[in-house]
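Open the model in your viewer and keep the selection tool at hand. The tour goes from one stop to the next.

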Amino acid sequence: MKEKICLYDVDNVYGKKFCNTATKILGDNFIFMYFKNIKALKEFATENKITGIICPTFSIEEIREIDVDRFYALSETNVETYEEGKTKFIYKYQKLNNILKIIDRDRELVNGKNKIISGKSKLVIFYTEKKISKSDEIIKKIAKSISKTKTVLLIYLDEFENYKSYKGISNIIYLYKENNLNIDGIRHEIELDKMINVDIIHSVTYPDDFNVITNIDLSNIVNYIRNLDYDYLLISTDESYVKNQYVLQDADLIITIRDENISGNIFKSYIKSQNIININKITEFVVDKTKRNQVSTFVKGLINGK
């Protein structure tokens, strides 16, 4: 089935030229539709599945609530293409072929991602926009508490957690790049943390090892690991949202950790404003030194879905 891409622009000449050219070049995979009216676009979106919307940067906030996989914001200022959440900002007046290549490349990346069959493990991501001193200690306590009744695999995606060690995610990345990712190869990288009695896969040998894969690839790897026989797959990430964005979208639950003396949740506010991830998947663990059984109480609610 062809993907539907909608273009909104008040410039009738540009809009028609864009859609005509796009249909000639990418018509085998996409249906391009031009809208000069936002109301008409929104009405169409409520009745049809749309993959993406292209619009001027000054219009992006007006259509942000529309449920699509990705937005392309066309800037009249000459800028390098960059990404924020599921919005890509692109220079409008470059060659149309260049813009169309970006759109088609996204389709290939997503289709490649969809080829990975995700396993049954419940995926829980620990993500905090700013590290706190005892976050790793808290994550390990949560993993240990869950492991009392469920099987758990803890994976680290922090760039420096496993520096210069030769066992961990780097070897799994190598298997993936060689199209040889397999269950036995993943199991070979698992170690038992005897302090908490939980299986662990440590992070990369060098930070640059993450640079040989895309954020889609990282999501593919994580979803493949979910095929192992664990009830819970826990992921401890670093602060890079761009690197982890598709893993975060795949998560069943996202846990943010913050100190009790820090107010607000920047990450949750950002997700809510951008409409990127279901906000109900995000829960907070606020460190409270006065609560003696805080972790066990938190885990009980997590397992029971409360």
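Which residue with a positive phi follows α6? Select N179: its phi is near 55 degrees.

Before moving on, some ground rules. This is a predicted model, in which local features need pLDDT of at least 70, side-chain atom pairs count only at pLDDT 80 or more, and totals for chains, interfaces and linings use all residues. Residues are numbered from 1 along each chain as its sequence is written, and side-chain values use heavy atoms, with hydrogens and water left out. Helices (H or I, at least four residues) and strands (E, at least two) are DSSP runs, numbered from the N terminus.

**Stop 1**

Colour I169, S170, I172, I173, L175 and Y176, which are buried (under 20% relative accessible area; exposed is over 50%, partly exposed in between; 1.4 Å probe, protein chains only). Now show what covers them: β8, α7 (183-187), β10 (198-201) and α8 are included.

Centre on I254. Leaving aside residues up to four places away in sequence, I254 touches I125, Y127, L248, F267, I277, K281, I282 and T283 (contact: heavy atoms within 4.5 Å).

**Stop 1: the cavity**

Rolling a probe the size of a water molecule over the atoms shows where empty space is left. On a 1 Å grid over the protein atoms alone, a cavity is a set of points where a 1.4 Å probe fits but cannot get out; a pocket is an open set with protein on both sides within 12 Å along at least five of seven lines; lining residues have an atom within 4 Å of a point. Points are joined across faces, edges and corners, and a volume is the space filled by probe spheres set on them.

The structure holds one cavity of 30 Å³ or more. The largest cavity has a volume of about 70 Å³. Select F126, Y127, T128, K131 and T237: of the 13 lining residues, these are the closest to its centre.

**Stop 2: the second largest pocket**

Here lies about 430 Å³ of space. Pick E137, I138, K141, Q294 and V295, which lie nearest the centre among 19 lining residues. The elements giving two or more residues are α5 (135-146), β13 (282-287) and α11 (294-303). The largest share, five residues, is from α5.

**Stop 3: R64**

Jump to the loop between α3 (60-63) and β4 (70-75), where R64 is found. Is R64 buried or exposed? R64 is buried, at 7% relative accessible area. Show its side-chain polar contacts (N or O atoms within 3.5 Å; within protein, one must be able to donate a hydrogen and the other to accept it, and residues adjacent in sequence count only if both atoms are side-chain atoms). One goes to the side chain of E61, at 2.9 Å. Another, of 2.8 Å, reaches the side chain of T87.

**Stop 4: two loop residues**

Finish with K164, in the loop between β8 and α6. Its phi is positive, near 65 degrees, and K164 is partly exposed at 48%. Then select N197, between β9 (191-193) and β10. Phi of N197 is near 60 degrees, and N197 counts as exposed at 54% relative accessibility.
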